[in-house]
Amino acid sequence: MQKSGEDYLESVLQLSEGKEDKGVRITDIARKIGVSKPSVIRAMQILKDDGYVTQESYGDIFLTAKGKVKAGQVYYRHSMLTRFFRDVLGVEAGQAEKDACLIEHDISSESMEKLVSFMENYEK
C-alpha cells in the first residue's frame, strides 16, 4: 500500500472514533488531509477495490475489518513516533506530528519494535 493510502485509512479511523454506526464523509476526509474532494473520491475507490473500506453510492465511508487492522497499525506507529519525538526528544508537538507522519510509513519492523520497547521502559 502506498503512503497516501495509509494516510487516508488513518484519517478515516481518526474521524470515525466515537461514531459507532456512523461513517465518515468525503468532505471531512478532504478537510483533515488538506486535499480536494475528487482526490478523496479516487483514493476511496482504490481502498474500496482493495477491501479496506465500504461505501454506498455517495454515502459515508466505513472501514472494513481489514481496513481497521491496517489503519490501527498505521495509527499506532504514528502515535508512538509522535510521543517519542515530543516526550523524549522534546520536539514541539506540531513538528513531532509532522515528523511522525513522514516516518510512520517507512520505519522498519525492527526499529519500530525497538522504539516500542524503549518507550515502554521510558514510561516506567
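Analyst: **Around Met 44**

Leaving aside neighbours within four places in sequence, Met 44 is in contact with Tyr 8, Val 12, Ile 26, Ile 29, Val 53, Gln 55 and Ile 61. Please keep in mind that this is a predicted model. Met 44 also belongs to the largest nonpolar core, a set of 17 residues in which Ile 29, Met 44 and Val 53 are the ones with the most contacts. The elements that give two or more residues to that core are H1, H2, H3 and E2. Apart from this core there is a second, separate one of 10 residues, with Leu 81, Phe 85, Met 112 and Leu 115 among them.

What lies over them? Just after the helix, Gly 18 takes a positive phi of about 85°.

Side chains of opposite charge can pair when their charged atoms come close. The model has 7 salt bridges in total. In one of them, Lys 3 meets Asp 106 at 3.0 Å, N to O. This pair links distant parts of the chain, since Lys 3 sits in H1 while Asp 106 is in the loop between helix H5 (93-103) and helix H6 (109-123), 103 residues apart. Lys 3 has a relative accessibility of 43%, so Lys 3 counts as partly exposed.

Glu 6 and Lys 70 form another salt bridge, at 3.3 Å, N to O. Because Glu 6 lies in H1 and Lys 70 in H4, the pair ties together parts 64 residues apart in sequence. Are these two residues buried or exposed? Both Glu 6 and Lys 70 are buried.

Arg 86 is partly exposed, with a relative accessible area of 33%. As for Glu 6 and Lys 70, salt bridges that share partners join them with Arg 77 into one network.

A pair of aromatic rings is described by the distance of the centres and the angle of the planes. The model has 3 such pairs. Phe 84 and Phe 118 pair edge-to-face, with 5.9 Å from centre to centre and 85° between the planes. Phe 84 is in H4 and Phe 118 in H6, 34 residues apart, so this pair links distant parts of the chain. Phe 84 has 18% relative accessibility and therefore counts as buried, whereas Phe 118 is partly exposed at 39%. Phe 118 has another partner in Tyr 122: their ring centres are 5.9 Å apart and the planes are at 20°, so this pair is stacked. Phe 118 and Tyr 122 both lie in H6, 4 residues apart, about one turn of the helix. Taken together, ring pairs link Phe 84, Phe 85, Phe 118 and Tyr 122 into a cluster. Phe 85 brings us back to the second core, where it is one of the residues.

Key:
Residues are numbered from 1 along each chain as its sequence is written. This is a predicted model: local features need pLDDT of at least 70, side-chain atom pairs count only at pLDDT 80 or more; totals for chains, interfaces and linings use all residues. Side-chain values use heavy atoms; hydrogens and water are left out. A salt bridge is a side-chain nitrogen of Lys or Arg within 4 Å of a carboxyl oxygen of Asp or Glu. Buried means under 20% relative accessible area, exposed over 50%, partly exposed in between (1.4 Å probe, protein chains only). A nonpolar core is a set of buried Ala, Val, Leu, Ile, Met, Phe, Trp, Tyr and Cys residues joined through side-chain atoms within 4.5 Å. Contact means heavy atoms within 4.5 Å. Rings of Phe, Tyr and Trp (its six-membered ring) pair if their centres lie within 6.5 Å; planes under 30 degrees apart count as stacked, over 60 as edge-to-face and the rest as tilted.
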